[in-house]
Amino acid sequence: MIQKVILPKLGETVEVSTIERWIKNEGDTVAAGDILCEITTDKATLEVESYYRGTLLRILAPPGTELPVGSVIAVIGEKGEAIPQDILAQAEAAGKAAPAERAEAAAVAAAVEAAPAVAAGRLVASPRARRLARELLIGLEHVRGTGPGGRIVEADVQATAKAGRAVRASPLARKVAQREGVDLASVRGGGTGGKVLKEDVLRAARAPAAAPAGPTAKAGQVIPLTAMRRIVAERMVHSKRTIPCYYLEMDADVTDLVALRNELNAKGDGGKISFNDFVLKACAAALRAMPAVNSRWVEGGIERRGDVHIGLAVGLDEGLIVPVIRHVDRKSLRQVSAEAADLAQRARSKKLVPDEYQGGCMTVSNLGMFGVRSFIPVVNPGESTILGLGAVQDQVVFRQGSIEVRKVMSLALSVDHRLVDGAVGAQFLKMIRDGMEAPQRLIE
Amino acid sequence: MPVIMYREAVRDALAEEMRRDPRVFVMGEDVAIYGGAYSATQNLVQEFGETRVRDTAISEMAIAGAAVGAAMAGMRPVAEIMYVDFMTLAMDQFVNQAAKNRYMFGGKTTVPMVLRTEGGAGRCIAAHHSQSLEAWFVHAPGVFVVMPATPYDAKGLLKTCIRDDNPILFIEHKMLYNNKGEVPSEEYLIPLGKAAVRREGDDVTIVGYSRMALRAEEAGKKLADQGISADVIDLRCLKPLDIDCILDSVKKTGRLVLVSEGYKEGNFVCEVAMKVMEFAFDYLDAPIERVCAANCPVPMSPVLEDEAIPRTDKIIAAAKRTLGKA
């Protein structure tokens, strides 16, 4: 019996999705529950399961096609069964619509295959391969895996070693390359006859980070937009164009917060609590206390959100995504911490469902780990404010009549002036700051 | 060198040990007048008489129990349990009494007995007569488990078992009884706990025992035709296990296929796999594969029985999977 495989609506606001790649091929036997293909919507990659058992007779949507949800993307039936003409005709019409996306997806797929064996953020290598790599001082990230699922096996490490041995380098240069994570083959050697020396390796190590795995850009080459890049660009333009912002800056004395964090993490039960987790709790308390700030601009007026959901910005190689932790006010610090860590990890491996990156009331963004002292973040459309955190710095401060060295962090709050006026915004920021300076209350 | 059948090798071992040591005697169902269900005790009663070659009642519990008692009283019984499937009826006597008495009597007694039995599928005699239950006995401290695949190994190992002071389960295979092989006429013994390397290779290690050792060897031959060289190991003894032989091979090849006619779930080879993981984890280039019997009662239908137990082509497929050549 002919069964249509429909492009599912995997998210309340999802209108279209793009087929990324087919796991099952035409002619394959499928069982109910088998994964047929992977699709992307906005920024997340999702799997489409089969509801039916049979043979995958025809794939109607090749990788790269973007289709409205509800479209027929494949047909399952009995081997040899004829596929109704109307299904085929409809699919052909839809398929004609997107040649460009198809090309882009094919290019991306090719680039992904050429990349090292990083499956969902994990480097997959057999124990034997790892042992050999350790012995030969080869970084596994330089090795291309040819085992099942892209696993790195011994032969792959041997191949890399052979290629590496072809590079003339001093033993010290090899050791330094391994330590610094530099691919010897990419280093220009300054020694006699092009031999790679230690200083060549160190220079390469200090050079700006290589572009993420993918086709390297030549000067003047236009790289087509990924779905994520396009969305980030659209949102940023929308934000800057429609949201009248003002910006507040304040310094927070986080000496006690750092100490409390270290103390909690030293206890060692459960995952590590990060700085951001405390900030999330401080923001949640402030949002709860000031409903005027916990609001959004909608058609017809200002909507009071009521619930407290906060997004935590996660930087990815190809862009930015903000997973949202829901009901931060109701959760303990440890719960928030665990959830934030899990969402961040899944954000990096592009396994978030739309509900997990939508619906935030405010966003927290931390660039302190890059050494940024302070920055002015961009308000996320749909939210009222965004908090930018800078690096924690030891500073000399005048405190309670004497000079002390304290840990200070810059806070910058960007606020939508349609929703929140300056005084209110300032009070909000002060509340967050005060919360961070009395961190004991955040863990209750 | 003389070429004799597996069952003749068993019989010769029994006869030689009975001539050598008057304390050795044989008992079991149909072992005397009938000469054994599979002819492994043929003509023994004619040479040694009914006192030393004893037909018993159809009671595995009594056979095993009497052997325990006789052994503790100073004899060296070689008792037969006609089908390993019936060891269930002898379990308490073997696993609780024979296995533990030396320990629980503080060393004041030993139980030098051999329980000969046979198992395996291939004769379409269905679920109660075709099993491979060695996993149950490896799991009992105090007993040893020996499973020879060739006439040479059967004779040399059985003699060693009879001379050993421990209770030993000697599991033959019903499909091997008429297999022929070279067996020296001079006396020889094979020590317990030594595996035999049947083929040498570098790409993958295939380990089997009893009839599956022969299929493993067959697989090795066929793989060689396809350019894959396999180390093929016949364990011969499950307990004590020659783990060093296996580890040396895995450290060389990095890939392991384990073959057993026992049911897949809880199979003895899982123990082997775990030992390899414990001692050679960093040498594995691919996940360990096991080729075992299906988790279902052994079917009677010839077609289904053949499908239910490991076939050579399944062993070959497993070896190729370790090489990523599914």
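Student: How many helices and strands does chain B have?

Tutor: In this predicted model, the secondary structure of chain B consists of 11 helices and 14 strands.

Student: And what share of chain B counts as buried?

Tutor: Of its 326 residues, 52% are buried. Regarding contacts in chain B between residues at least 6 apart in sequence, 78% link residues at least 24 apart.

Student: Which residues touch the most other members of the largest nonpolar core?

Tutor: They are B:Leu115, B:Val143, B:Ile206, B:Val257, B:Ile315 and B:Ala319, in a core of 107 residues. Domain 1 (3–182) and domain 2 (196–322) of chain B each contribute at least three residues to this core.

Student: What is B:Leu115 in contact with, leaving aside neighbours within four places in sequence?

Tutor: Its partners are B:Ala64, B:Ala67, B:Ala79, B:Ile81, B:Phe94, B:Leu169 and B:Phe170. There is also a second, separate core of 71 residues, which includes A:Cys37, A:Leu46, A:Ile321 and A:Tyr357.

Student: Changing topic: how many residues does each chain bring to the contact between A and B?

Tutor: Chain B supplies 8 residues and chain A supplies 9. On the chain B side, 4 are nonpolar, 2 polar and 2 charged.

Student: Where is confidence lowest in chain A?

Tutor: The mean pLDDT of chain A is 84, with 90% of its residues at 70 or more. Confidence is lowest in helix α2 (residues 99–114) of chain A, at a mean of 44, and highest in strand β19 (residues 385–389) of chain A, at 96.

Student: Which residues of chain A have pLDDT below 50?

Tutor: Among them are residues 104–117, a stretch with 25 contacts in the model beyond near neighbours in sequence. Residues 210–214 of chain A also stay under 50, with 7 contacts beyond four places in sequence.

Technical notes:
Residues are numbered from 1 along each chain as its sequence is written. Chains are lettered from A and ligands numbered from 1 in the order in which they are written. This is a predicted model: local features need pLDDT of at least 70, side-chain atom pairs count only at pLDDT 80 or more; totals for chains, interfaces and linings use all residues. A nonpolar core is a set of buried Ala, Val, Leu, Ile, Met, Phe, Trp, Tyr and Cys residues joined through C-beta atoms within 7 Å. A residue is buried if 20 or more other C-beta atoms lie within 10 Å of its own, exposed if 12 or fewer, and partly exposed in between; C-beta atoms are placed from the backbone. Domain bounds come from an automatic or database domain assignment. Two residues are in contact if their C-beta atoms, placed from the backbone, lie within 7 Å. Helices (H or I, at least four residues) and strands (E, at least two) are DSSP runs, numbered from the N terminus. Ala, Val, Leu, Ile, Met, Phe, Trp, Tyr, Cys and Pro count as nonpolar, Asp, Glu, Lys and Arg as charged, and the others, Gly among them, as polar. pLDDT is the predictor's confidence in each residue, from 0 to 100.
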